[in-house]
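Me: I am new to reading protein models, and I would like to learn how to look at one carefully, feature by feature. Could you take me through this example?

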Number of protein chains: 2
Amino acid sequence: MHASTERLLGEFAARRVPALARAVSIVENQRAGVDDILGTLHPKLGRARRIGITGPPGAGKSTITTLLAEKFRQAGLTVGIVCVDPTSPFTGGALLGDRVRMERVALDDGVFIRSMATRGSLGGLAASTREVTDVLDGFGFDRIIIETVGVGQSELDVARTADSTVVVLVPESGDSIQTLKAGVMEIADIFVVNKADRPGADRLRNDVELMLGLRKGASYANVPAHHGVDLRTMRDRAARPADIDALAEDTSWAPPVLSSIAAKEEGITGIVESLDLHFNYLERTGTLRERRRERLVERVIEVAERRMRQRLWDVPAARTWLDGRVSELEAGSATPYAVADDLLSAYGHLVTGTNT
Amino acid sequence: MHASTERLLGEFAARRVPALARAVSIVENQRAGVDDILGTLHPKLGRARRIGITGPPGAGKSTITTLLAEKFRQAGLTVGIVCVDPTSPFTGGALLGDRVRMERVALDDGVFIRSMATRGSLGGLAASTREVTDVLDGFGFDRIIIETVGVGQSELDVARTADSTVVVLVPESGDSIQTLKAGVMEIADIFVVNKADRPGADRLRNDVELMLGLRKGASYANVPAHHGVDLRTMRDRAARPADIDALAEDTSWAPPVLSSIAAKEEGITGIVESLDLHFNYLERTGTLRERRRERLVERVIEVAERRMRQRLWDVPAARTWLDGRVSELEAGSATPYAVADDLLSAYGHLVTGTNT
C-alpha cells in the first residue's frame with residue numbers, strides 16, 4: 001500500500017471528513033489506491049442501512065430525501081446521501097435546484113452529501129455508486145440514502161444496490177401508470193405517491209395497488225385476511241398503525257403505497273416507519289443477508305470484469321495488435337467477430353494477471 | 001454455421017422482410033446465430049447513411065423522424081428506423097404515441113421500423129443498437145434513422161454510432177440551456193429548434209449558438225468571414241442557400257442551428273439539406289472513413305469484452321468457485337478485490353477460448 005493511501009486511511013479511521021471526501025473521490029474516479037481503500041473498508045461494511053429513492057424527474061425525490069435525513073438526524077442517526085443524476089445531458093437543470101433544496105441538511109455535521117459524476121466511470125454507474133456507498137458505510141454512517149432519477153436501466157441498477165428502495169410517483173404521471181414497467185414494480189419495496197393533494201392522486205394510488213395486486217397475486221391479497229391489516233388503508237394513517245406488530249410477523253412483504261405532500265412536510269413519518277418495517281422484515285426473514293450476499297457476488301463479478309478490461313487494454317500490446325488489423329476490417333476481409341476471437345486467443349491470457 | 005441460420009441468410013439476401021425481422025431479433029437478443037449473421041453481413045456494410053436523432057422527451061423527435069423518412073422515400077430512398085427508448089421505466093408513456101405517429105410511414109414497403117427493447121441486452125444498449133443498425137445496413141437500406149431519447153449516458157453512446165447526429169431541442173428547455181452538457185455539444189452535428197413558433201425559440205437558438213461559439217471558437221467564427229455564409233442566418237432559409245457550394249468546400253464543420261415546426265411539417269427540407277451537407281463534409285474530409293474506422297475498433301472491443309464475460313461466466317466452474325468463496329466475503333475475511341484477482345488467476349485463461 002502506498003504511504004499516502006495509508007495516511008489517508010488513518011485519517012479516515014479517525015473519522016475526519018476531508019479524508020472521507022478524498023476517499024470518495026479516489027473511489028469514484030478509480031484513481032490509484034481505490035482497491036486498498038475498498039479492501040481495507042470491506043470488513044467494516046454492513047453497518048449502514050442503504051435506502052434507495054427513485055422516481056421520475058420532478059417527483060420530489062430531493063425534498064423527500066432531505067426530510068428523511070432530518071428525521072434520521074432527529075433520531076440521533078448520521079446520514080450519508082449519494083445523489084445520482086444521470087439525466088444531465090438534457091434535463092440536468094434540476095440538479096442545482098436539488099442541491100439548493102438540500103441546503104437544509106447540508107450544513108449539518110452529521111450529514112454528508114455527495115453528487116456522483118456519471119461520465120467516464122469505468123465499470124458503470126451502478127458499480128461506482130455501490131463503491132461510493134461502501135465508503136460511506138465504512139466511515140460509519142447509520143443511514144445512507146441513494147437518490148437517483150429513475151429514467152433508465154442504469155438507474156434501476158443503482159436502485160438495486162439499496163437494502164430498501166422507495167419509488168416516488170406523482171399524480172402527473174398517473175395517466176401513464178401502465179408504463180411503470182416490470183423493472184420498477186420489482187425494485188419497489190415502498191411506493192410513495194407524492195403531491196398527494198393534487199388531482200389524480202387517488203387514481204394513481206389505486207392504479208399502483210391494482211398493479212401490485214395483479215403482479216403479487218396471492219401474497220398481496222392474503223395479507224389483510226391473515227393479519228387483519230389492510231395495506232390499502234394503511235397509507236391513510238398518519239400515526240403508526242395499531243396492528244403493525246401483527247404485520248411485523250409476516251414473512252412476505254407487500255409494498256405499501258404511501259401518500260406524502262413533501263412540500264408541506266406531510267407523510268414523511270409514514271415513510272420512515274415503513275422503512276423500519278421493511279428493514280425489520282429483511283432481517284427477520286434472512287432476506288437482508290441474502291441480498292447482501294448477492295451484492296458481494298455481484299461486486300466480485302464487477303471487479304473481475306473491470307480487471308479483465310484493464311488488463312487487456314491498459315497494456316499497449318493488444319491495442320497495437322488491434323490497430324494492425326483495422327485495414328482488414330475496413331476492407332471487409334475480416335469481421336470484428338473473427339478479429340475479437342483472434343485477439344482473445346493471442347492476448348486473453350493477460351487477464352489472469354500472472355503475466356503482467 | 002447452423003442450417004437454419006444459413007437458410008435465414010439466404011432469405012435475407014433475397015431481401016425478404018420476414019427474414020430481416022428475424023435476423024434483427026436474433027441479433028438484438030444475442031441468440032444463437034448472431035455472430036454468423038453479423039459476420040456474413042460485415043463485408044456489405046457501409047452503404048447506408050446512419051442518422052441519429054436525439055433530444056429530450058417531447059421535443060418532437062418521432063414526428064421529425066417520420067417526416068424525414070417521408071422525404072427520403074419521395075427521393076426514392078429506402079429507410080430503416082431504429083427507435084431506442086431507454087426511458088421506459090417511468091416515462092415510457094410516450095412510446096405508444098410515437099409508434100402511432102409513425103403510422104404514416106409504417107405501412108410503406110420501403111420503410112422498416114424497429115423498436116429496441118432495452119433490457120437484458122448483453123453488452124449494453126449502444127452495442128446492440130449498433131448491431132441492429134448493421135443488420136439494416138446489410139439488408140440494403142439507403143438511410144437508417146436511429147431515434148433515441150437523450151436522457152442519459154447510454155443514449156449519448158447510441159447517438160455516437162451514427163454518421164450524422166441531429167439534436168432536437170424545444171423552447172421549453174430554453175431556460176436550462178446551460179444544462180446542455182459537453183456531451184451533447186460534442187455529438188451534435190446539426191441542431192434543430194423544433195416548435196420554433198413558440199415563445200422562447202429565438203432565445204434558445206441564440207443560446208445554442210452562443211454555446212457553439214464559445215466551444216468551437218475560431219472555426220465557427222471564421223466560417224462567415226471565409227465563405228460569406230452566415231450560418232447564424234442560414235437556418236431562416238426555407239430553400240437551399242445560394243452559397244451552399246462555397247460552404248461545401250469548407251474543411252471544418254460548424255453545426256448549424258435550424259428551425260422547424262414539425263407539427264406543421266415546416267423546416268424538414270432544411271434538415272434534409274443539412275444532412276446532405278454534413279455527409280458531403282464527412283466524405284470530403286475523410287472524417288467518414290475515420291469515424292467508421294473508429295466504429296470498427298470499438299466493435300472489436302465490444303465483442304471481445306462480451307466474449308470474455310461469456311467465456312468466464314457461462315461455464316459453471318468459475319461460478320461454482322465463486323459461490324465457494326462467499327462465506328469468506330460475508331465474514332469479511334476476504335475482500336471482493338482479492339477474490340476477483342484469485343478468480344482471474346484461476347479461470348482467466350478461459351477467456352482465450354482455447355480451453356473450451
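Predicted model: local features only at pLDDT ≥ 70, side-chain atom pairs only at ≥ 80, totals over all residues.

The dialogue below goes from the whole chain to its sheet, its helices and some single residues.

Me: What share of the residues in chain A is buried?

Reply: A residue is buried if 20 or more other C-beta atoms lie within 10 Å of its own, exposed if 12 or fewer, and partly exposed in between, with the C-beta atoms placed from the backbone. By that rule, 49% of the 356 residues in chain A are buried.

Me: In what order do the strands of the sheet in chain A stand?

Reply: Strands of a sheet pair through backbone hydrogen bonds, either parallel or antiparallel. Two strands are counted as a pair if DSSP finds at least two bridges between them. In chain A, seven strands form an open sheet in the order E3-E2-E4-E1-E5-E6-E7, and the pairing is parallel. Strand E3 (111-116) and strand E7 (257-259) of chain A stand at the edges with a single partner strand each, so one side of each has no neighbour in the sheet. On average, neighbouring strands of this sheet are turned by 20° against each other, direction ignored.

Me: Which helix packs on this sheet?

Reply: Helix H4 (residues 61-74) of chain A packs on the sheet, and the strands that H4 touches include E1, E4 and E5 of chain A. A contact here means that the C-beta atoms of two residues, placed from the backbone, lie within 7 Å. The direction of H4 makes about 175° with that of E4(A), where axes are lines fitted to C-alpha atoms, for helices over the stretch in contact, and angles run from 0 to 180 degrees between N-to-C directions.

Me: Which strands pair with E1(A), and are the faces of E1(A) covered or uncovered?

Reply: Strand E1 (residues 49-55) of chain A pairs in the parallel sense with strand E4 (residues 143-149) of chain A over seven bridges, and with strand E5 (residues 164-169) of chain A over four bridges. Arg50(A) stands opposite Ile144(A) in E4(A), whereas Ile51(A) stands opposite Ser164(A) in E5(A). Both faces of E1(A) are covered, with buried residues including Ile51(A) and Ile53(A) on one side and Gly52(A) and Thr54(A) on the other.

Me: Where does H17(A) bend, and which of its residues are buried?

Reply: The expected span of a helix is 1.5 Å times one less than its number of residues. Helix H17 (residues 316-331) of chain A has 16 residues and reaches 24 Å from its first C-alpha to its last, close to the 22 Å expected. A bend at a residue is the angle between axes fitted to the seven residues ending there and the seven starting there, and H17(A) bends by about 35° at Arg325(A). In H17(A), Ala318(A), Leu322(A) and Leu329(A) are buried. The buried residues of H17(A) pack against helix H16 (287-313) and helix H18 (336-347) of chain A, together with helix H16 (287-313) of chain B.

Me: Which residues other than glycine have a positive phi?

Reply: Most residues other than glycine have a negative phi, and most peptide bonds are trans. Among those with a positive value are Arg15(A), with phi near 60°, and Lys195(A), with phi near 55°. Arg15(A) is found in the loop between helix H1 (3-13) and H2 of chain A, and is exposed, with 11 other C-beta atoms within 10 Å. Lys195(A) lies in the loop between E6 and helix H11 (201-216) of chain A, and is buried, with 23 other C-beta atoms within 10 Å.

Technical notes
Residues numbered from 1 in each chain as written. Chains lettered and ligands numbered in written order. Helix = DSSP H or I, 4+ residues; strand = E, 2+ residues; numbered from the N terminus.
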